[in-house]
Amino acid sequence: MIDPWSSAIVNYEKLIEEFGIKPFHDLIGDLEDPHILMRRGIIFGHRDYGRIVKAIREKDDFAVVTGMMPSGKMHIGHKMIVDQLIWYQEHGAEIYIPIADMESYSARGIDFPEAKQIAIDEYITNYIALGLDPDKNLHIYLQSENKTVEDLAYKLAKRVNMNEMKAIYGFNGSTNIAHLYTPMIQVADILHPQLEELGGPKPTVVPVGPDQDPHIRLTRDVAERFGSQFHFITPSSTYHRFITGLTGGKMSSSKPKTAIFLSDPPEVAEKKLKSAKTGGRESLEEQREMGGIPEDCVVYEMLLYHLLQSDAELKEVYQQCKNGSIMCGECKARAAELMKDFFKDLEKKREKARDKAESILN
Ligand code: TRP
Ligand code: SF4
């Protein structure tokens, strides 16, 4: 069982073996210009993505839905979702971004007004600063203020029973009913773009981390159950790997030592990266002889996920690391420099994005 509200690390291979998630690389050749995170294997799995490939190729209408639970600060791992949304925006998708204030209320005890403020200051501001175009087929909304979504959730809940919620989420007799109900809101987040009033049935993809897969499975089942009433097309999904935290475990906003926050001043981000765990050896001598382990290095991961757009340059770092011709000090210094530049630019863009972010929810 996967618990979307705990921060347990997920075993990616197991997801593919046991939960029926398909490897992404099998269909990557069907895309004309796969996203960098797809090419680099960071997006590792999918359900029914063939439908989305087809919609992109044939320029059919399709939707992307991916929400955020406004509970803390955005860290650099969260940027991955925004990068994907930008790519989808370029490929003509209609984009829906629910802000899961109902979920953060039931799972984290955060009140609606506070969730709204976090969503504006942290999430929406950063989404725009990172390059998402707020004026292009983009719908950002608060769950608690979207009557269409709430009504749909209620209707869909009529055909979901307690045993099912227990089996999927491990809910039990002491689960409070607000928490029990919020997955239904997420199901409706994902399916509502297919309502007649929003253009009718269309392929929809939900790019998420694998912790969200229970919601995806429930949504897909519910979509099929309501086939004759709403004619939903079963939604597709993609799954990305989580970025490793600075200390080696999971990067998590609730553990500040593990995370580089998007709102960190550039010098702080630079310093944090310099202190990150690497895949270097005990001594320089040993490293020259045996090479480092980029697969086990937070610095390499930052280059891979975020800092190096050029595949050729990335490959060079990988090889130099492996054959021991570059030492961690030099490699880190270079990555930290890139990080600082990125954060300087983001800081400026965030200043500009702030007012726009405010106006979107008001
Ligand atoms: N549960 C998601 C999270 O914890 C947020 C979310 C709400 C979501 N609605 C969604 C994700 C719809 C994907 C699709 O971040
Ligand atoms: Fe990581 Fe670079 Fe050291 Fe290799 S040389 S282990 S990539 S920091």
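User: Where does ligand 2 sit, and what makes a molecule count as sitting there?

Analyst: Ligand 2 sits in the largest cavity. The test is that more than half of a molecule's atoms lie within 2 Å of the grid points. A cavity is a set of points, on a 1 Å grid over the protein atoms alone, where a 1.4 Å probe fits but cannot get out. This is a predicted model, where local features need pLDDT of at least 70 and side-chain atom pairs pLDDT 80 or more, while totals for chains, interfaces and linings use all residues. Residues count from 1 along each chain as its sequence is written, chains are lettered from A and ligands numbered from 1 in the order written, and side-chain values use heavy atoms, without hydrogens and water.

User: Which residues are around ligand 2?

Analyst: They are Thr 278, Gly 279, Gly 280, Gln 287, Cys 297, Val 299, Tyr 300, Cys 321, Cys 328 and Cys 331. Each has a heavy atom within 4 Å of the ligand. Helix H14 (298-307) and helix H16 (328-361) each give two or more residues to this shell. Helices here are DSSP runs (H or I, at least four residues; strands are E, at least two), numbered from the N terminus.

User: How many shell residues are nonpolar, polar or charged?

Analyst: Six are nonpolar, four are polar and none is charged. Ala, Val, Leu, Ile, Met, Phe, Trp, Tyr, Cys and Pro count as nonpolar; Asp, Glu, Lys and Arg as charged; the others, Gly among them, as polar.

User: Why is Cys 331 called buried and Cys 328 partly exposed?

Analyst: Buried means under 20% relative accessible area, exposed over 50%, partly exposed in between (1.4 Å probe, protein chains only). Cys 331 has 15%, so it is buried. Cys 328 has 22%, so it is partly exposed.

User: What makes Glu 17 exposed?

Analyst: Its relative accessibility is 64%, so Glu 17 counts as exposed. Glu 17 is found in helix H1 (residues 12-18).

User: Why is His 240 called buried, and what is it in contact with?

Analyst: His 240 has 6% relative accessibility, so it counts as buried. It is found in strand S7 (residues 236-240). Beyond its neighbours within four places in sequence, its contacts include Tyr 12, Phe 44, Met 80 and Pro 210. Contact means heavy atoms within 4.5 Å.

User: Which residues of helix H5 are buried?

Analyst: In H5 (residues 101-108) they are Asp 101, Met 102, Glu 103, Ser 104 and Ser 106. These pack against several elements, including strand S4 (94-99) and helix H6 (112-129). Just after H5, Gly 109 takes a positive phi of about 70°.

Technical notes: On a 1 Å grid over the protein atoms alone, a cavity is a set of points where a 1.4 Å probe fits but cannot get out, and a pocket is an open set with protein on both sides within 12 Å along at least five of seven lines; lining residues have an atom within 4 Å of a point.
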